[in-house]
Amino acid sequence: MRTLKIISIFLLIILPFFFLSHSGFLPAAGRIAGIKGSELIYARSQDAVTLDPAFSQDDESNKVIANIFEGLVRFKPGTTTIEPCLAEDWRISPDGREWTFFLRRGVKFHDGTPFNSEAVRFSIERQLPPQRTEGASYASFTFGMLESIKTPDLYTVKFILKYPYAPFLNNLAMPASAPIVSPSAVTALGENFGDKPVGTGPYRFSSWVKGKSIILKENREYWGKMPECPTLVFSVIKNNRLRSLALKLGIADIVDSLAPPDARYLEQKGFPVLQMPGLDLNYLGFFTNKKPFDDPSVRRAVSMLIDRKHVTELFKGSAIEANGPLPPGVLGYDSSLFPVSYDPEGARELLAGSGYADGLKFEIITYSNPRPYNPAGGDMLAEFIQRELAGAGVETVIKSYTWNQYKEALLNEEGNAFLYGWISDNGDPDNFLYTLLSSSQIENGLNTARYRNNEVDLLLAKAQLETEPALRERMYRSAIEIITKDAPWIFLNHSLKLYATSTRVEGFTPHFAGFTPLNSVKNNLQ
């Protein structure tokens, strides 16, 4: 115990100097010296890769991009609900193919050039053929349904879609691909634009010390409310414990990617800890086109043999139990939904009725590494499920692969069941349900379970065409009811993202997808 106390005291003494030498910025020095400041310091585990939204593929880049750039629309804080941003309003044609956006006037990019419809056209067309490069990986997802762009005047943009697609609005709110960039800056900087980004957001880029910190300054010509904190710093502290201590010492204001023990420690010390379910799902899938799981009764029986509460306990506070294919906060999520419940006796009866009274044996394939929705790793989760099923007389064989090999095994339909998961790109239910469970997605490999249900297909296709949220929600809930009975997956859990803030911080509301505009966050430094 004495040794632990000595180590803790040593860390408390050495951390400020470690932080200064590794962060590459000065605000922390002022805090240690007791000088008042007006900055907000956000400490995270990794640095950004690029600050060009067209080429961003990672959460850490998106966290910064969401504060420099803006799209035509945006998510309301902490939700998947859409609200106006650079477009003040929009109109959708009766056939759902023509989307007209009316742009905000008087907006300028950080380089002083005007925002207008030509900037919108430029930002999108740079990601489409013939200009598109392989690095613009999200462009096909965001704009794959786009047929053409028209700009009737400087403040009107018309998107003509190849087919009606209601999730298009959610796509336009993403920090990757959708934000509007300064055409003059992109033209002048070329490939260096990702290191010196220029947008219209509440913060403008100031400096970037790679691997250490990114500093943003308030955009004094911002069209909206000025940021509460004139300086925003994204610092990198890779070690979880050191990140927590940085908050405790007052040289960080917000920390994320916390391990549950560190979150509990900070909470015990009086720091606000926030929890946010991830836009993801962890599940055990069945190859529904192969025996024994071509029989829905067998799928339901295995579902009834796994206690999902025990699964979440495996993750020790970094996950919440799933009750369906959608995480909380997504349109169509129903907190009152009850999936196939844990019922070993009922499962045995179903197996007996399906010809497996003498027992069932099948192979589970898995990945060896951890995933955001499965921090314990595929091997550990597969072994846990194996033990759960063994207690009910169901024998399983586990075959594990590296991640890339595993994806090949899925395409080759190896084994009978598989551990997998999904992380949503746009927070729309279509990105979970149609993408993963429509029979039209079997050929491209996204519907890994090879699940087919004509009624579900029809509901999901209709929901893509319907722009009225209440009607879409009704369709998705009907589809989920059928999917739950068919049991192509066992819904296991969603990740739980953990954040902590200083007691001085007000207004921080993390977003489900991990990126958060921080211009409304106050830091009441004494």
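Pro292 is placed in the loop between β13 (280–286) and α10 (296–303), where helices (H or I, at least four residues) and strands (E, at least two) are DSSP runs numbered from the N terminus. The peptide bond that leads from Lys291 into Pro292 is cis, and its omega is near 5°. The model is a predicted one, in which local features need pLDDT of at least 70 and side-chain atom pairs count only at pLDDT 80 or more, while totals for chains, interfaces and linings use all residues. Residues are numbered from 1 along each chain as its sequence is written, and side-chain values use heavy atoms, with hydrogens and water left out.

A cis peptide bond also joins Pro129 to Pro130, with omega near 5°. Pro130 belongs to the loop between α4 (117–125) and α5 (139–143).

Positive phi values occur at two residues that are not glycine, Arg450 and Ala487. For Arg450, phi is near 60°. The residue is located in the loop that runs between α15 (430–437) and α16 (454–465). With a relative accessibility of 10%, Arg450 counts as buried; buried means under 20% relative accessible area, exposed over 50%, and partly exposed in between, with a 1.4 Å probe and protein chains only.

Ala487 has a phi of about 50°. The loop that holds Ala487 lies between α17 (469–486) and β18 (489–501). Ala487 is likewise buried, its relative accessible area being 1%.
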